[in-house]
Each structure stands twice: as structure tokens, then as C-alpha cells.
Amino acid sequence: MRKSRISLLALLVALAMVAAACGPSEPEAEESPTEAAESKEAPQFAAGSTMDTIQKRGNVIVGTKFDQPLFGQRNPITDEIEGFDVEMAKIIAQGIFGGTLEEAAEKVDFVETPTPVREANIQQGSVDFIVATYTINDTRKQVVDFAGPYYVAGQDIMVKVDDDSINGVEDLNGKKVCSVQGSTSIANVVAEAPQADISISFDTYSRCAEALRDGRVEAVTTDNTILVGLIREDGGATFKLVGQTFTTEPYGVGIKKGDDAFRDFLNDKIDESYEDGSWEAAFERTVGTAGIETPEPPSVDRYASSGASPGATTTGATSTTAPATTTTN
Amino acid sequence: MEVVLSHLGAFAGAMRTTAELALASFAGALLIGVLIASFRVSPVAPLRAAGTFYVETFRNIPPLVLLVLFYFGFTKIGILYSEFVSAVIVMAVYTGSFIAEAVRSGINTVARGQAEAARAIGLTFPQSLILVILPQALRSVVPAIGSLFSALLRNVSLASVIAVHELAWLSVRLIADTGRPFEILGGTAAAYLMMTLPTGYVFGVIERRTAIKR
């Protein structure tokens, strides 16, 4: 018995060594060298501002999801968090610390912030900001503030690559459509395409994808961010996105309520990333790998602050746009 | 409570689906069970082996695995049936293995002299099985088959994972719609009792009618 335990241990060690040896292949190597290697000056910030505090501390703590494919997901081999949200955080970090994108990325500490704890993490100050497929809406704006949006997600439709009959939600009338049982996605389909056949629904989206592959249903519908994950898991050979979203989920960067100077800074960084191509590059090396075309970046919403929290300076507030609506596209 | 009452129509429809699914599967399971049991007592060695293989395979795989494998997996080799038919096939195949064992135990209770007498008057093996052995064997296993039917009636709730709109599927949908899990699941439990309790009574009647006076 003892002997077999030792040999089992030896086997495990050997396996671990093999895994380590073939593990860290660097996918980053094929990045376009021009903007990735471009080094920036470390900017000067007003003393006491959030940017200044982070810069002096030397690292930035960012909340993101660890289980959202293409946006924020832990790579089981390298243990790195990868995705579009993660790349946005790195771009912002570069704006704070200067240097190249890689150098700035080293100074980002990611913290897992699943949906139910995002507001609490911001309010407690355990993160500097959150990029975690975080939909901007008025309820959330009462407790946190949002920079951005930097991406607008929405409910979309996934069909087989050779299906040209479904080009929008109205085409779902009379078609078999799969979604997860009891989800808001089903309710949205019923509202937009009342004749759609929604009799087949499962407990996970991957089962809907199987049913689509087998021809049991003609379409799968839910947020496009989930659908692109399914398309990529499959390698992009079987499924495609229709690309006509019929709901609007603007993703923003969540920060502490009332920190308008930080919000302006973040909005500036997002705008800059649109102009210098780093937003596009980030999208292409994350969500784009699932065969999703890079959309037009959404214009950031510099909404007027609806009341500052105690202690925050309001002198820097330079909000120029009209009171916000969540729809920005 | 009013949550359940306001969805009575949906509950009735789902109960009907559950009943249809159970009855159709049970018919298939009985056929399979008797056939496999006759294989297992057959004088032909390959048939006995096939019967044993069938019973040991399907009795020892969870029906949930069989369902998902058949519905999602067999499509890859070109087998594609609707949700309801897939569920009937899988539940019949699964329950059939248990019925086969129940019937075989019934065959073993039939006195050896019955088979010998049948052979002595010139009946072939199939004839003696169908005319002499099985009629006596099946009578003695009515209670066992009754409890297998009751188990089947509850097992078909697994078909909810392949989107058959039976009671368990309905309960998940109604909980999502209403946000009242306690009432909905209570209603679902009551609906199952309304189906399983009469079943026990019916099999009790059959048992008394078919009992052999010894």
C-alpha cells in the first residue's frame, strides 16, 4: 500500500513536470509590435486624486470576472486572466503608470468580482475599478459610477454557418429557438417574435448549442457575449452570430460613486484607446478570435453626476453632456 | 397555493405528458423484459449471454446518463428522434432490464415439473415458455412489476433534461416565471401523488385477480 502511494506521488510529480514543460506557450508573441511596444511617459496627476494614489502605490487593483469566456477568464494552463475586459484594464493601467502595455500589465492585480459582489467591492474600496461585463443601468448608477461604455453587448442569435434565413429577431417567428429555461432571454424572444417556437429549452447554453448542431432547433439566443464564447469553444466552424442585437447592454468601468475626476480620466483613456487603435487591437486579440467582427466603438457617456459622496471633490467635474440615458448606440 | 391554482391547466397538461410517457415506456419495457427474460432461461447459450449482457448493461447505467447519451450523443451517428420518443425509448430500455429480472425470478418460481411435463407432451421450448411457464411466472411477479411501474412514473421526470414538457420540466419553468419555488414544488409533489397512489391500487387489484390458489 505504502509503495503504491509513493509511486502514485512520483507519477503526479512527473505529470506536473510535463504539464509545466508544455504549459506556457506565449500567445502574446504574435501581437502587432508597433503599439504594444510603444512606451509612454508616466503622467503627472493632481496630488490626492485617485490616479495619483494608484500611481504612488505602484499597482492597480482591478475587479473582473474569472469565468466569462473572451472577457475575463482564467487560463487553466498559465493561470493568467485573459479577455477583453482584462485588456481594457491594462490599457487603463498604461494610462496611469506609463511605459509599454506589457510593463503596465505587470502592475495590474486582478481580483475576482462575480456579479453579486461588484457593488460591494467598489463601495468597500477593495478594488480601484471594475471591468467585469458590467452593464450600465440607472439602478446601479445610484450606488456606483460608470466610465464608458467601452462595449455594447446585447441579446443576439446564433445559427448554423450555412443558415441565411435568420437575419434578425423578427425572422425567429415560426422557427425553433433554444435558450436557457426561465431566462430573460426567452421572455425577450416572446416579446419580439411571438410566433417563435420556444418549446425546447435546457438548463445550460452548451446543451442549446448541441441541439442546434443536431438540427433540433434552428437558433440559440441570449447575450452575444455568451454566444461568442460558445462559437469559439466550437472553433467557429459550425455556428455563427447573426449580429443583430435586439437588447442593449452597455458595459462600463465601475468606480466609487462621486469620484468624477477619476471617471473623467477613465473616459479620456477609453476615448484615447478608440483613437490610437489600442481598443481595436484589444478587441481583435480577444473577442475577435471567435470570428466576431470588430464593431464601431460606442461613444462614452459623460453623464452628469447625480450627487457626490462625502469627501469627493466636485471641482474637477467637467461633465458636458446632457443627463444620461443608458442607451448609447 | 393560488400560484398552483392559477396554473392548473399547465399542471394538467404536464401530468398528461408524464402519464403518456410512463405508459408508453412501460409497454415497451414489458415487451423488452419478457423477451430478455426468455433469452436468459433459453437453452441456447448465445441468447443467454445476450440476455445477461443486456440486463447487466442497462441496469447499471444511471437513466440520466442514458437519456443525455441517447438524445445528444446518438445524433452524432445519425439517430435523431423527437424529445418524447427519445425519452420513451430510453426509459423502456432501462426499465426493461429490471422487468427482465423480475420475470426471470418469476420463471424460477414455476415448479420444474411444469417444464418437464410440457416437454413430455411434445411442446417445443418456445411453446412451453409461452403456453405453460410465462402465464404462471407473470402472475407471481405482479407486485414486483407494480413497484417497477411506480418507479418508472417517477423516473420519467428525468426527461425534463431533454425538454420533454412533463411535470418536473413544468415545475422549473413555473418557478422561474413566478419566483415561488415552495408552492410550485408542493403542487408538483401533489400531482405525482395523484398519479402514483392510484397506480398502487390498480396493481393491488390485478394482484388479487391473478393470484394462484395453491
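How many residues of chain A are in contact with chain B? I found 9 residues of chain A in contact with 10 residues of chain B, contact being C-beta atoms, placed from the backbone, within 7 Å.

I recorded the basis of the entries. This is a predicted model, in which local features need pLDDT of at least 70 and side-chain atom pairs count only at pLDDT 80 or more, while totals for chains, interfaces and linings use all residues. Residues are numbered from 1 along each chain as its sequence is written, and chains are lettered from A and ligands numbered from 1 in the order in which they are written.

I then turned to chain A, which has 12 helices and 13 strands; these are DSSP runs numbered from the N terminus, helices being H or I with at least four residues and strands E with at least two. Of its 329 residues, 42% are buried, meaning that 20 or more other C-beta atoms, placed from the backbone, lie within 10 Å of the residue's own.

I next traced an open sheet of 5 strands in chain A, ordered β10-β9-β11-β8-β12 with mixed pairing; strands pair if DSSP finds at least two bridges between them. Because β10 (201-202) and β12 (239-241) of chain A each have a single partner strand, one side of each is left without a neighbour in the sheet. Within it, β9 (residues 177-180) and β11 (residues 219-223) of chain A pair in the parallel sense over 2 bridges, and Val177(A) stands opposite Ala219(A).

Note on methods
Two residues are in contact if their C-beta atoms, placed from the backbone, lie within 7 Å. A residue is buried if 20 or more other C-beta atoms lie within 10 Å of its own, exposed if 12 or fewer, and partly exposed in between; C-beta atoms are placed from the backbone.
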